[in-house]
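Reader: I am new to protein models. Please show me how to read one, feature by feature.

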Amino acid sequence: MLSDIEIAENCTLKDIREIAKKLSLGEDSLELYGRYKAKIDLKRVNPKSKLILVTAINPTASGEGKTTVSIGLADGMSRLGKKVCLALREPSLGPVFGMKGGAAGGGYAQIVPMADINLHFTGDLHAITAANNLLCAMIDNHILRGNALKIKEVYFRRCMDMNDRALRDITLNCKAAGMRGCECYQRQEGFEITAASEVMAILCLATDMSDLKKRLGNIVVGINENGDYVRACQLNADGAMTTLLKDAIKPNLVQTLEGTPAIVHGGPFANIAHGCNSIRATFAAMTLADYTVTEAGFGADLGAEKFLDAKCRIAGIQPDCIVIVATVKALKLHGGADKSELAKENLAALNAGLPNLLKHIENVKTVYGKPVVVAMNRFETDTRAEINAVMQACNRAGAPSVFTDVFINGGVGGEELAKTVCAACEVKSELTFAYKLQDGIKTKIEDIVKNVYGGDGADFSPEALKKIEEIEARGIKGLPVIIAKTQYSLSDDPTKLARPEDFRIFVRDIIYKGGANFIVAVAGEIMLMPGLPKTPCAERIDIDENGIISGLC
């Protein structure tokens, strides 16, 4: 079989204006970026379509294919005659060149132009990085030139769209020799990856330009000598930051290999950020189509939890159906199978790993009150006994399951899944939540651990407890909580696979994001700036003298 990049490069793309017509979009609503990409500029939105959220079990080294299934599902729905639109996140260069690879799907279920989407695309992530680092430059310039705001401690950090562990902790030396009235100063700082930055979160939560500017202005950059928050608007940074994001705020329109419209916009990570594409993109897709297929990063304990408990509350939307993606191989890994033995039938390991999938099904049905469909990404090594074991377990849990072949067959392989999902969308349901917004920060974190992770609660470092006390003493309340933790486990320990029990998570830090308007709880050993693996994907990526790219996946 051809590689992902070979499949993508060999397909015949339709002019993006043809794709726009499928959504009844005229050229007056498009800003063209060549023939195959465009920005959408909708003057009014009316989100009314059925909304399908695609999530997954806790990821493993074998991969689950959540984005691939999302794309194949949308293509399958299109083949059934449905007016459907995808709403996906933009890839970050960190995973593209790191360990995970790109995020444009795989096999014959991809969004294209694949190389453009995985690399610079329309420049959104670069604009976010620039806006973020402009604020950092203005903070240090303000301090250096007299510090009229009496900034005592800086909270806001620089970012870049690349994995670079060397930048996690750095020393800034701000020198201004010869400048009258200016002193040199030194402080500790560190970089976050762009996908984890507050500016990324703000872009994804802003509903319009005015809301974007307001949120950017509310970013807490640090505290002053009196212990009060200092915000970006006090540095007069919000106008310039918004200007840098004037194009990035507009969603991007592309297509699948089969010509299904796909709106791709915003790219926060789900393990260290809120893991959902932009509200503007979701609203656009729900306005223009009858069915919207969106996805949330990593397992349902991360991306889906944040989509449901945070994004749905903020945007005033709810999914009609939730799809959980898994593979037999991944379930066997959760059950303790050796990675080199996954092609062999192993019912013992499969049955030991199934509780991970069953916990996510339970959460969707009982915690959030939503219909659920299990999409099993089929491999040729899956045996009949293994397939039957999964389907019987899902049936007992009250979740229809479909083994799908979208990687190999594209939309044709997604038709059965599409029929099952469309039927589930007709079941009336009302979204419930894992925690109450009005509760305290500690209570909300503990409720997520107990209700979603299946743990006993949370322990907090003295620093985290102090920050919670300070935040609540300022009257800041009623905000969603975003837990940053490992994606590999329901706990904060990546070695605890399947469905761990009798555990507590350790919250080492609390961060108030004043612009995004949520609280981040940093748990376990998770890092806000990832590092590269021993053999990064970047070592395999190349380009020849004709501009033909290889190794990108």
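## Helices side by side

Author: Let's start with a pair of helices: α7 and α8 cross in a right-handed way. Handedness is read from how the near helix is turned from the far one, by less than a right angle: anticlockwise is left-handed, clockwise right-handed. Helices (H or I, at least four residues) and strands (E, at least two) are DSSP runs, numbered from the N terminus. This is a predicted model, where local features need pLDDT of at least 70 and side-chain atom pairs count only at pLDDT 80 or more, while totals for chains, interfaces and linings use all residues. Residues are numbered from 1 along each chain as its sequence is written, and side-chain values use heavy atoms, with hydrogens and water left out.

Reader: At what angle do α7 and α8 pack?

Author: Helix α7 covers residues 198–205 and helix α8 residues 209–217; they pack at about 150°, and their axes are 9 Å apart. Axes are lines fitted to C-alpha atoms, for helices over the stretch in contact, and angles between N-to-C directions run from 0 to 180 degrees. The α7 and α8 pair is therefore roughly antiparallel (over 145 degrees; under 35 is roughly parallel, 65 to 115 roughly perpendicular, and the rest oblique).

Reader: Which residues make the contact?

Author: From α7 come V199, I202, L203 and L205, and from α8 come D211, L212, R215 and L216. Contact means heavy atoms within 4.5 Å. Sorted by class, the contact of α7 with α8 has six nonpolar, no polar and two charged residues. Nonpolar takes in Ala, Val, Leu, Ile, Met, Phe, Trp, Tyr, Cys and Pro, charged takes in Asp, Glu, Lys and Arg, and the others, Gly among them, are polar.

Reader: How do α13 and α14 pack?

Author: Helix α13 (residues 347–367) and helix α14 (residues 384–396) meet at an angle of about 30°, with 10 Å between their axes, which means that α13 runs roughly parallel to α14. Their crossing is right-handed. Among the residues in contact are L350, L354 and I361 of α13 and A389 and A393 of α14. The class count for α13 with α14 is eleven nonpolar, one polar and one charged residues.

Reader: How many residues of α10 are buried?

Author: Ten of the ten residues in helix α10 (279–288) are buried, and the helix is mostly covered. Buried means under 20% relative accessible area, exposed over 50%, and partly exposed in between (1.4 Å probe, protein chains only). Those buried residues of α10 pack against β3 (50–56), β4 (84–88), α7, β15 (261–264), β16 (291–295) and α11 (300–315).

Reader: How do the strands of a sheet pair?

Author: Strands pair through backbone hydrogen bonds, either parallel or antiparallel. For a pair to count, DSSP must find at least two bridges between the strands.

Reader: Which sheet has mixed pairing?

Author: Mixed pairing is found in the open sheet of four strands in the order β20-β22-β23-β21. Within that sheet, β20 and β22 (residues 504–513) pair in the parallel sense over four bridges, with D459 opposite F506 in β22. Helix α18 (residues 462–473) packs on the sheet and touches β20, β22 and β23 (518–523), its direction making about 40° with that of β22.

Reader: Which way do the side chains of a strand point?

Author: In a regular strand they alternate between the two faces of the sheet. In β19 (residues 401–404), S401 and F403 point one way, V402 and T404 the other, and all are buried. Strand β18 (residues 372–377) pairs with β19 in the parallel sense over four bridges, and M376 stands opposite F403.

Reader: Where is P319?

Author: P319 lies in the loop between α11 and β17 (321–326). P319 counts as buried because its relative accessibility is 0%. Beyond its neighbours within four places in sequence, P319 has contacts including L51, F307 and K370.
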